[in-house]
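Here is a short tour of a structure, written to be read with the model open beside you. Take a look around it, and then we can go through some of its helices and strands together.

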Protein chains: 2
Amino acid sequence: MPTLHDVIAARPHVYRYLKPTPLYHYASLSELLGAEVYVKHENHLPVGAFKVRGGLNFAAHLSAAERRGGLFTASTGNHGQSIAFAAKMHGIKATIAVPEVANPGKVAAMRGLGATVIHHGADFDTAREWIKAQAQAQGGRFVSPTEDLLIAGVGTYALEIMEDLPDVEVIIVPVGAGSGACGVSIVAKTINPNIEVIACQSAQAPAMQRSWLAGELVTAEMTTFAEGVATRVPFENTQQIMRQYLDDFVLVDDADILKAIRLMIEHTHNMAESAGAIPLGAALQIKTHLAGRKVVLVMSGGNLALDQLKLSIS
Amino acid sequence: MPTLHDVIAARPHVYRYLKPTPLYHYASLSELLGAEVYVKHENHLPVGAFKVRGGLNFAAHLSAAERRGGLFTASTGNHGQSIAFAAKMHGIKATIAVPEVANPGKVAAMRGLGATVIHHGADFDTAREWIKAQAQAQGGRFVSPTEDLLIAGVGTYALEIMEDLPDVEVIIVPVGAGSGACGVSIVAKTINPNIEVIACQSAQAPAMQRSWLAGELVTAEMTTFAEGVATRVPFENTQQIMRQYLDDFVLVDDADILKAIRLMIEHTHNMAESAGAIPLGAALQIKTHLAGRKVVLVMSGGNLALDQLKLSIS
């Protein structure tokens with residue numbers, strides 16, 4: 001399990017290629033929620049999402065043989081962009097499998113970064129199993145979306161939150177495979193166990209939440225439009241970390257995620273992708289619990305597809 | 001006229017309250033324009049626009065008497081947010097006149113920052129004359145949107161461009177009152193006179209462009225929806241600077257500004273406000289001229305009203 005020490009060690013590898021993201025206070029969001037509300041703008045990063053931090057830390061630790069073999073991974077978009085970006089910065093080849101109905105903007109961005117993108121299978125989990133076999137056959141390094149080095153890398157944003165708002169009381173973070181929630185948990189709870197870390201996910205993709213509640217891996221139906229959190233098969237290593245640290249895990253209906261995207265546009269003038277708007281949807285559900293407290297909503301990314309944007313503001 | 005020295009002197013006042021913004025390369029925008037295209041993300045700043053830099057520099061230089069009297073200004077939105085933000089950071093009172101049809105999101109943001117906002121008059125110029133008289137009557141400091149200290153403050157983003165991309169060849173910047181274009185011109189041309197600085201504006205608000213072409217102040221009809229550049233009466237001091245430095249001044253039809261907003265969402269996943277999308281509209285018009293060169297588009301702000309967003313993607 002990665003530690004605060006691993007997150008601190010990741011910083012030079014991450015900040016070699018990107019700058020810390022802003023944490024902004026929004027008066028009108030604060031009024032809406034009856035709390036002191038801040039947004040952590042991971043949507044401002046290169047490739048538009050927090051995952052890029054993990055990829056950079058991961059690529060910095062490859063052996064010469066791994067660099068030669070190249071990186072292979074599967075992604076609904078942002079993990080793939082992260083690996084593509086890191087591979088480009090480090091001069092390595094990247095091959096990425098995406099589901100057949102992948103977000104076209106994210107696919108174009110991966111290709112723009114020089115990665116080879118292959119559409120395969122109906123969802124993330126199918127694409128992942130296939131590309132894992134490909135990596136083995138071609139002597140490449142398969143990158144799981146929850147590797148320790150990825151978690152340590154993305155944890156750097158949680159350290160930035162702690163530095164910008166040392167007296168933060170609640171952090172609400174979306175969960176796909178869990179690397180973001182784990183990075184936040186490890187950092188926040190190690191520094192101050194009183195900080196509440198609340199995970200959230202689409203109610204139409206509850207596998208990670210059900211597994212966390214059950215204390216064992218549970219596969220669940222996955223029908224969400226929010227591709228950044230479209231997880232059907234849970235991950236054991238991130239579940240272990242979440243079992244140790246998470247205070248709560250809230251599900252938000254897809255219809256409320258769309259509303260949250262619109263509210264984020266109105267109140268912050270930032271376009272969150274579906275996953276990045278879930279924390280606001282969750283906060284609205286647990287408004288009473290948050291009343292008067294210092295709350296950080298993690299806007300994990302901004303790569304919203306145009307059809308989802310249209311749906312959210314129609 | 002402010003100089004590079006004034007811009008350098010503004011940096012500590014600006015960076016006391018905000019961080020440099022990113023300059024990102026976009027592969028798909030580059031393909032679209034046939035050039036090496038970067039976007040300067042001034043939409044990532046607090047209050048969502050470049051003007052906040054100017055307000056911070058201005059507020060840092062007030063006398064004790066001026067601080068007591070408070071700041072008075074008029075704004076279509078972003079200049080007002082800048083003054084409201086700076087006033088809040090410096091513990092000063094701010095009173096801001098806005099046109100009767102002001103962008104509601106920007107008005108809410110100014111009030112959220114603690115400013116007194118008064119709706120007055122049909123456009124920016126009417127609101128400005130009125131609040132100027134109010135400032136005099138109440139012993140406050142009227143802030144013109146093109147004061148030297150504002151220009152020097154906003155010029156800090158141009159220095160960031162020069163540091164991140166020293167071999168930039170063309171910078172395209174939108175013009176409302178002209179502080180942004182002047183800040184960019186002063187910095188870029190002083191450091192390297194070969195850098196082309198191209199201004200742009202809505203074809204439905206051409207007063208600044210016509211004045212620049214004519215070499216004297218010309219008032220023009222103003223019907224644009226792009227409130228950030230809705231200037232009817234030109235400003236002499238910024239015209240002087242632009243006459244000395246600008247290489248070209250391109251007009252973009254409102255219909256093409258809407259298209260540029262949509263293209264920015266598709267290619268960068270960033271929501272530009274109307275003014276912030278004009279440089280892309282201008283670049284598309286002068287594509288042949290830009291071919292193969294290193295081009296920076298200044299996304300001056302992101303405070304797009306919801307109805308304009310709907311129009312742009314419908």
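## A helix under cover

Helix α5 of chain B is largely enclosed by the rest of the structure, because 10 of its 13 residues are buried (a residue is buried if 20 or more other C-beta atoms, placed from the backbone, lie within 10 Å of its own). Among these buried residues are B:His79, B:Gln81, B:Ile83 and B:Phe85. Which elements do the buried residues of α5(B) pack against? They pack against α3 (51-59), β3 (71-74), β4 (94-98) and α6 (104-112) of chain B, where contact means C-beta atoms, placed from the backbone, within 7 Å.

Helix α5(B) covers residues 78-90 and reaches 18 Å from its first C-alpha to its last, close to the expected 18 Å; the expected span is 1.5 Å times one less than the number of residues. Just after the helix, B:Gly91 takes a positive phi of about 65°.

## How to read the model

This is a predicted model, in which local features need pLDDT of at least 70 and side-chain atom pairs count only at pLDDT 80 or more, while totals for chains, interfaces and linings use all residues. Residues are numbered from 1 along each chain as its sequence is written, and chains are lettered from A and ligands numbered from 1 in the order in which they are written.

## An open sheet in chain A

In chain A, 4 parallel strands form an open sheet in the order β5-β4-β3-β6. Its edge strands, β5 (116-119) and β6 (141-142), each pair on one side only; pairing requires at least two DSSP bridges between two strands. Strands β3 (residues 71-74) and β4 (residues 94-98) of chain A are parallel and share 4 bridges, with A:Phe72 opposite A:Thr95.

Helix α5 (residues 78-90) of chain A packs on this sheet, touching β3 and β4, and its direction makes about 170° with that of β4(A). Helix α7 (residues 124-138) of chain A lies across β3, β4 and β6, at about 160° to β3(A). These angles, from 0 to 180 degrees, are taken between N-to-C directions of axes fitted to C-alpha atoms, for helices over the stretch in contact.

## Strand β2 of chain A

Strand β2 (residues 36-41) of chain A is largely enclosed by the rest of the structure, since 6 of its 6 residues are buried. A:Glu36, A:Tyr38 and A:Lys40 point one way, and A:Val37, A:Val39 and A:His41 the other. In a regular strand, side chains alternate between the two faces of the sheet.

Strand β1 (residues 23-25) of chain A runs antiparallel to β2(A), joined by 3 bridges, and A:Tyr24 has A:Val39 as its bridge partner. Strand β10 (residues 294-299) of chain A runs parallel to β2(A) with 6 bridges, and there A:Lys40 stands opposite A:Val298.

## Strand β8 of chain B

Strand β8 (residues 196-202) of chain B is mostly covered, with 6 of its 7 residues buried. It pairs in the parallel sense with β7 (residues 170-174) of chain B over 5 bridges, and B:Pro174 stands opposite B:Cys200. Another 5 bridges join β8(B) to the parallel strand β9 (residues 248-252) of chain B, where B:Ser202 faces B:Val252.

Methods
Helices (H or I, at least four residues) and strands (E, at least two) are DSSP runs, numbered from the N terminus. Two residues are in contact if their C-beta atoms, placed from the backbone, lie within 7 Å. A residue is buried if 20 or more other C-beta atoms lie within 10 Å of its own, exposed if 12 or fewer, and partly exposed in between; C-beta atoms are placed from the backbone.
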